[in-house]
Amino acid sequence: MSRIVIKVATKILFAPIILYALYVQFHGDYGPGGGFQAGVTFAVAFILHAFCYGLEETRKVLPQRALFVLMMLGVLFFAGTGVATMLLGGNLLGYDVIVPESTHHAGQHYGILLVEFGVGLTVSSTMLTIFYSFTGREPDIDQEDW
Amino acid sequence: MNLIAQLPALAIITPLICAPITIVLPRGRAPWVWATIVSWLTFAVCILLLREVAAGGEISYHLGDWPPPLGIEYRIDLANALVLVLVSGIAAVVFPAAYRSVKPEIDPRQSTFFYCAMLICLTGLIGVTITGDAFNIFVFLEISSLSTYALVAMGARRDRRALTAAFNYLVMGTIGATFFVIGIGLLYQATGTLNLADMKQLLAGQTSRVVDAGFAFIVVGIGLKLAIFPLHLWLPNAYTYAPTAVSAFIAATATKVAVYVLIRFLFTVFGFDFSFMGAAFTWVFLPLGIVGMFIASLVAVFQDDVKRMLAYSSVAQIGYMLLGLSFATVEGLAAALVHVFNHALMKGALFMAVACVVLRAGSHSIQAFAGLSQRMPITTWAFVLSGLSLIGVPLTVGFISKWYLLEAAFAAGHGYASFLIVASSLIAVVYVGRVAELMLLRPPAQEGPYVLPKRDAPLSMLIPMWVLVAANIYFGIRADFTGDIARRAAEALMLAAGGAP
C-alpha cells in the first residue's frame, strides 16, 4: 500500500512529461531541443509508467508490435520528406522547394519540422524497445545450453 | 524530378526507405522478395551512375541544396562508381540466394529483421562509398557495421559461438570507428572542414602534430575495419559463425569498401606532400601486406572449417590489395582496385558454394566436403572454378589481378615482391587444393553425420552462384572493362595526390 504515493505521483507526472516532450519536439527549430531529446523524454514517461505499474501494464498501453510500426514510420517520415523534396524538383532534403514562393526560406522551417518529427518517433520507440528487451529479458542461459 | 540528376540520392534512398518497410511485412517469403527487388533496383541505379561517370566525368550532388564545403556533398568519380557497382551487384546476387540458405540458419521470428538489417547494411556500404564528406563516411560506416554485428549474431541459432564472434567484432569494430572519428576530429581541428576535397586543399603544406596524429588515427581505425594483418582478429570468427549468406555478402563487400576508404584518405585527402605518406607506404602497408599474404595463407592451410579457411584467405587477399597500393604508382593502385573488384567476385562465389553445402550437409566442416562431386556436382564445380580463380589460374579474374600486381611490382622496382606474390599464390594452391581433393577424389561418407543425399542445392541458390562464377570467367577473359576503369580511376587518384601520372 505504501506505493500509492508513487502511483499517484506517476499519474500526475505522466501527462506533463509528454507535454514537455512535445514542447521540446516542436520548439526544436527555434531553441535547444529537437527530435532526439524529445523522443527520449517521451519514452521516459512510459519507462516511469513501467517502473511503477510493471512492464506488463505498459506493454498493454504500448505493445511491442506498435513500437516496431512507429519506428518504421519515423524513418519513413524522415526519408519520405527527402523523397518528397526530390519529387518536387529539388535535391534530397532540399527543403526550399516545399514553399518555393517564400522569400525567407519558409520551406526550411517546415522541412526540418517534418524531419525532426520522424526522428522523435523513431528515437522514442527505439528507446522503449531497448527498455522492453532489457527488462523483459528471459532468465540467463543455463550452463548446459552452451 | 530529373531522374539522372537524382541518381546519387537514389542509390542511398532506395535501400534506406525500403529497409524499415521490411519489418511490417508478413513473415515468410515476402521480406525476401521485397529485399531482392530493392537490391536489383539499387544495382540498376549504380550501373546508371557508373555509366554517367564514365561518360561525363565526376558527379557532385549537393545534399539539401547546400553548397559543398558547408553542406554534405556526394561526389562520385570512377573509383567509387566501380565500388558502388561492385557492392550493389554482390547484393543483387546474394539476396536472391539468401532465402533458402538462411531459412534453416536463423530463428524464423527474426526473418523480417534479417532482411531489414541486410538492406540497412547495403545502405551503409553504399553511403560510405558515395559520400565526399568525412563525417558522413563515419556515419555510414557505423550504419553498415552495426547492422553487420546484428547479422553475425543471428547465426546463433545454429552455433552459439556466433554471439561471442559478434561481440568480439562489435568491440573491435567500435574501437576502429572511434579511432577513425578521432582522426577526423583532429583533421577538422586543423582545417575547419569536413568536405574531403576542401580538406585536401586546406591540408596542403600543413605540417603539425595534429595532422600527423589524425593520419595515424585514421589509418589504424580503417585498418581495424579493413582487417589489415595484425588487426584482423575479429574477422575469422565473424565470417565463420555468421549465417552463410551474410558471410558471402560481407566478405565480398565490407572489407572492399574499407579498402576504398583507405585509398580515398591516402590519395585524395593526404596526398604525396604529406610527410608520413612515404613512410606509411614503405614501413607499414608494404611489410604488413606481405606478412599478411604469407601468415594468413599459411594459417588457412591448417583450418578444418571451410568458412574459416576462406576467412583467413580473405585476410591474405587484403595483403595483396595493400601491396598494390603501397607501390604508390598508377599501376599499383590500378592493381589494388582491380583486385578489390575481382576478389569480391571470387569470395562471393566461394561463400555461395559453401552456403549450398551448408544447406544440404548442415555443416561447414571440411569433412562435409568429402566426395561432394558425387553428391552435389554443380556446387562442387562452382567451388572448384572459383577456387582456381582464387589461386590465379589463367582465364579467371584471379589471374588478371595477379598479373596487374606483378606488372606493378616490376614497374615500381620491387622485383622481389613479384616472387613473393607467386610464392603466396602457391600456398593458395595448397588450401584450395586440399578442399578440391576431398571433393573430387575421396569417396563420400557412408556413415556418420556427413552422409548426404544425392541432391544438389535448389535453383534459387545455384543460379546466383553460377552468375558469380560466370562473372569470374567473363571478367577474366574480358579484362579490359575492369582494367580500363581501374586504370583511369588510379590515374585520377594519383593526379589528385600530386604523384607522378
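**Helix packing and chain contact**

1. Helix 9 (residues 234-241) of chain B packs on helix 12 (residues 306-326) of chain B at an angle of about 140°, and their axes lie 8 Å apart; axes are lines fitted to C-alpha atoms over the stretch in contact, and angles run from 0 to 180 degrees between N-to-C directions. Helices (H or I, at least four residues) and strands (E, at least two) are DSSP runs, numbered from the N terminus.

2. This is a predicted model, in which local features need pLDDT of at least 70 and side-chain atom pairs count only at pLDDT 80 or more, while totals for chains, interfaces and linings use all residues. Residues are numbered from 1 along each chain as its sequence is written, with chains lettered from A and ligands numbered from 1 in the order in which they are written.

3. For confidence, chain B has a mean pLDDT (the predictor's confidence in each residue, from 0 to 100) of 91, and 99% of its residues reach 70 or more. The complex is given an ipTM of 0.88 and a pTM of 0.93 by the predictor.

4. Between the chains, the contact (C-beta atoms, placed from the backbone, within 7 Å) takes 19 residues from chain A and 16 residues from chain B. On the side of chain B that touches chain A, helix 1 (7-24) and strand 1 (59-62) of chain B each supply at least two residues, and the largest share, eight residues, comes from helix 1 of chain B.

Terms used:
Contact = placed C-beta atoms within 7 Å.
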